[in-house]
Amino acid sequence: MAKINGVLGEIDTARLGFTLMHEHILVANWAMRQAFAGWLDREAHIRHAVGEVRAAKERGVTTLVDLTPINLGRDIDIIRTVAERAEVQVIAATGFYWTEEPWLQGWEADRLVELLIKDITHGIQGTSAKAGIIKCATDRLGVTELNRKLLQVAARLHRATGVPISTHTDVHTQTGVAQQDVFAEEGVDLGRVVIGHCGDTEDVEHLEKILQRGSFIGMDRFGLDFMLPMEKRVSVIAELCRRGWVGQLVLSHDSCCHIDWFPVEMVRQLAPRWTFRHIPDDVIPALRREGVTDEHIRTMTVDNPRRVFERQGAY
Ligand SMILES: [Zn+2]
């Protein structure tokens, strides 16, 4: 048992329950919001998000990890309002996305750590809502000079606070392994890291390379069937369970109640089941059909999330 940071106060890890480990209440560009008043209808978005989170709650979800990084528009006031109104535990993140932001270039890793650590120890954007997880990302560009710095920032923040790391990767270019290399160089216990977006591949041997080093892996894009259909994602999980890896798998959708990268209707058309409800409604029954036991489902949805967040202050 441990106390960890939730957006509405401390959460006892024993009370995390069914946890979706990688979701987004809102992804919306701060600059576009500032420049164009109609870019985001704040109140309409909150109403919609509360409905989505409540629907997950009705299906047994008790905790949602919001992994929106600062530079994808993390808005703590909206995250808190939604958590409060939907009465669901929400854990927010600190950290940066993989994009090569010009303003990142001139700053040393340790100066960025100094800046971000206050999100974990004091609160985000002047509120008392503290970050409970560290987000970082590596995508198709791989570990560039700037990306290495971002991974170092995440590693050092983690070592200073004991708060776990959860990543975005591009599994097809195997960036998860490259992230593990940088974290290992920085002295991170790889068992405190979730390597994300591993559910986008059927390459079980590659996933085992990540698992063998002790990290959790995120089978966390259920609903993005155009990247890999649900049935294939489920088969990979069933196979990993058969091979004895159930203790290192976590489930989620990477779903956004709103994402401003595309017009809303395009998102709905492209990924109609990409909501917080898809795992309870469709994925869990499909896992059972593939022979995954209820005990293993509980391990992935309840016990593993708890284990990710426990063992604070291990350094
Ligand atoms: Zn995400």
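Leaving aside neighbours within four places in sequence, His278 is in contact with Phe222, Gly223, Met230, His253, Arg273 and Val283, where contact means heavy atoms within 4.5 Å. The model is predicted, so local features need pLDDT of at least 70 and side-chain atom pairs count only at pLDDT 80 or more, while totals for chains, interfaces and linings use all residues. Residues are numbered from 1 along each chain as its sequence is written, and side-chain values use heavy atoms, with hydrogens and water left out.

- His278 is found in helix α10 (residues 278-289); helices (H or I, at least four residues) and strands (E, at least two) are DSSP runs, numbered from the N terminus.
- His278 is buried, with a relative accessible area of 1%. Buried means under 20% relative accessible area, exposed over 50%, and partly exposed in between, using a 1.4 Å probe and protein chains only.
- Ser252 is 26 residues from His278 in sequence, and the two are 9.2 Å apart in space, C-alpha to C-alpha.
- Glu145 lies in helix α5 (residues 145-161) and is exposed, with a relative accessible area of 76%.
- Between Glu145 and Thr161 there are 16 residues of separation in sequence and 25 Å in space, C-alpha to C-alpha.

**Helix α2 on its own**

- Helix α2 has 17 residues and reaches 24 Å from its first C-alpha to its last, close to the 24 Å expected at 1.5 Å a residue. The expected span is 1.5 Å times one less than the number of residues.
- The buried residues of α2 are His45, Ile46, Ala49, Val50, Glu52, Val53, Ala55 and Ala56, and what covers them includes α3.
- An α-helix has 3.6 residues a turn, so residues three or four places apart point the same way.
- Gly60 follows α2 and has a positive phi, near 100 degrees.

**Helices α2 and α3**

- Helix α2 (residues 42-58) and helix α3 (residues 76-86) pack at an angle of about 45 degrees, with their axes 9 Å apart. Axes are lines fitted to C-alpha atoms, for helices over the stretch in contact, and angles run from 0 to 180 degrees between N-to-C directions.
- The two helices α2 and α3 are therefore oblique to each other. Angles under 35 degrees count as roughly parallel, over 145 as roughly antiparallel, 65 to 115 as roughly perpendicular, and the rest as oblique.
- Ala, Val, Leu, Ile, Met, Phe, Trp, Tyr, Cys and Pro count as nonpolar, Asp, Glu, Lys and Arg as charged, and the others, Gly among them, as polar.

**Helices α7 and α8**

- The axes of helix α7 (residues 204-212) and helix α8 (residues 230-242) come within 11 Å and cross at roughly 55 degrees.
- These helices, α7 and α8, are therefore oblique to each other, and their crossing is right-handed.
- Val204, Leu207, Glu208 and Leu211 of α7 make the contact with Val236, Glu239 and Leu240 of α8. The residues of this contact divide into 5 nonpolar, no polar and 2 charged.
- In α7 the buried residues are Val204, His206, Leu207, Glu208, Ile210 and Leu211. They pack against α6 (175-185), β8 (193-195), β9 (216-219), α8 and β10 (249-251).
- Just after α7, Gly214 takes a positive phi of about 100 degrees.

Definitions and conventions:
A crossing is left-handed if the near helix is turned anticlockwise from the far one by less than a right angle, and right-handed if clockwise.
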